[in-house]
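Morning, everyone. Please bring up the sequence and the model, and we'll walk through them together.

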Amino acid sequence: MSVSSKASTAKVPAAIVYGCAGTTLSPEEREFFRASNPFGFILFRRNCQTPDQVRTLVADLRASVGRSDAPVLIDQEGGRVARMRPPEWPSFPPARRIGDLAAGDPEAGAEAAWLTARLIASMLHDAGITVDCAPVCDVPVDGSHDVIGDRAYSDDPELVASLARISCTGFLDGGVLPVIKHLPGHGRALCDSHLEQPRVEAGRAELARTDFLPFEVVADMPLGMVAHVVYQELDPVHPASTSAVVIQSVIRDQLGFDGLLFCDDLSMEALAGTVAERAVAVLEAGCDVVLHCNGKLDEMQALAPIVPPLTDAAAARWVHALTFLKPPGKGDPERMRERLDALLEGSDIIA
């Protein structure tokens, strides 16, 4: 759907998620968010100091747009990608550690995957955060860049698929919406898309057997994130995030993902052009929502006149996503953490 097909009411939020600069909102940020009415917000390490401070910031972000249900996102995967860190918050294992456990003991690995996601969700829910940009569903290959590395469960696509599915269940059970990433697969990238443009040369049949498989398994999840990676056989010119061919023929049609689709961060150097040109490109290609994460107010001010309201299709996808968002199920986080630690240490303690 093109950018020109816009939702019919002026009160529909803009199709963008913004970051903010620090641990509190400045008056300028409050006024900008009020005037521009973004779809939601995303937190980074610079925004997370203490539990009480994060709760206040999350509430202030929502108050700035006058929507108590505005989504607040974060990248809290475990391992090195964790915005909320010790000593204020607990640490969690990287996905690869869970995958290694599952490779030797599938039942223990499955339980560890669920517990990790469920515990992260509990921590986020306590802070008022409703969306976690996880799990990573990518499948690394020999020689690929470490930008994914141990963020991936395994180099076995079936194991990645299984653990990603279980993790999604854990997030949902904890009252948080997962974002499957990085569609249609970032594992083969030979460079870091934060810094330069990765290109993948594998053919479509090979991609379908490996990279695409985990995303097919979790394609019914309501939220996804598309990669800034060029897949030469699919579209030799445009990265997936700005490729209508990849988004429609692969992500939507072949993988069957009909959820709300975020682009990866506009600030990443894999994309060419100004931030405004990048935003137009990803929306024209078929992404539903733009992510602008660096918190730079001048860039956000340049984007505000460019980004349209959510399209009718995107708004409907978000309404569908909200049907997945339920209050957390009962559970004792302390006991769950003890069980997770026992599994990772190879203990036979029974929860």
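Start with the overall size. The chain has 351 residues, and a compact globule of that length would have a radius of gyration near 20 Å; this chain has 19 Å, so the two agree. That radius is taken over C-alpha atoms, and the globule rule is 2.2 Å times the number of residues to the power 0.38.

A word on the source. This is a predicted model: local features need pLDDT of at least 70, side-chain atom pairs count only at pLDDT 80 or more, and totals for chains, interfaces and linings use all residues. Residues are numbered from 1 along each chain as its sequence is written, and side-chain values use heavy atoms, with hydrogens and water left out.

Now the whole chain. Along its principal axes, the C-alpha trace spans about 60 × 50 × 35 Å. There are 12 helices and 13 strands. Helices (H or I, at least four residues) and strands (E, at least two) are DSSP runs, numbered from the N terminus. Of the 351 residues, 58% count as buried. Buried means under 20% relative accessible area, exposed means over 50%, and partly exposed is in between, with a 1.4 Å probe and protein chains only. The accessible surface comes to about 13,900 Å², and 53% of that belongs to carbon and sulfur atoms. Those areas come from the Shrake-Rupley method with a 1.4 Å probe; for residues, only the protein chains shown count as cover.

What about contacts along the sequence? Take contacts between residues at least 6 apart: 78% of them join residues at least 24 apart. Contact here means heavy atoms within 4.5 Å.

Next, a sheet. Which order do its strands take? This open sheet of 6 strands runs β7-β6-β3-β2-β1-β13, with parallel pairing. Its edge strands are β7, residues 177-178, and β13; each pairs on one side only. Two strands pair if DSSP finds at least two bridges between them. In general, strands of a sheet pair through backbone hydrogen bonds, either parallel or antiparallel.

Look inside that sheet. Strand β2, residues 38-43, pairs with strand β3, residues 72-74, in the parallel sense over 3 bridges. Ile42 has Leu73 of β3 as its bridge partner.

His292 sits in strand β13, residues 290-292. Is His292 buried or exposed? It is buried, because its relative accessible area is 0%.

Arg85 lies in the loop between β5 (81-82) and α3 (95-104). Arg85 is partly exposed, with a relative accessible area of 32%. Not counting residues up to four places away, it touches Arg45 and Arg80. The Arg85 side chain reaches the backbone oxygen of Arg80 at 2.8 Å. Arg85 and Gly40 are 45 residues apart in sequence, and their C-alpha atoms are 23 Å apart.

On to two helices. Helix α4, residues 106-127, has 22 residues and reaches 32 Å from its first C-alpha to its last, close to the 32 Å expected at 1.5 Å a residue. The expected span is 1.5 Å times one less than the number of residues. After α4 comes Gly128, with a positive phi near 90°.

Helix α12 covers residues 333-344. Its 12 residues should span 16 Å, and its end C-alpha atoms are 16 Å apart, so that agrees too. Several of its residues are buried, among them Met336, Leu340 and Leu344. Their cover includes α3 and α4. At the N-terminal end, Asp332 is the cap: a side-chain oxygen lies 3.0 Å from the backbone nitrogen of Glu334. Gly346 follows α12, and its phi is positive, near 80°.

Last, some backbone details. Most residues other than glycine have a negative phi, and most peptide bonds are trans. Asn37 has a phi near 50°, a positive value in a residue other than glycine. Asn37 lies in the loop between α1 (27-36) and β2, and it is buried at 16% relative accessible area.

Where are the cis bonds I want you to see? One runs from Lys181 to His182, with omega near 0°. His182 belongs to strand β8, residues 180-183. Another runs from Leu183 to Pro184, with omega near -5°. Pro184 is in the loop between β8 and β9 (199-200).

Definitions and conventions: Polar contact = N/O pair within 3.5 Å; in protein donor to acceptor, adjacent residues only side chain to side chain.
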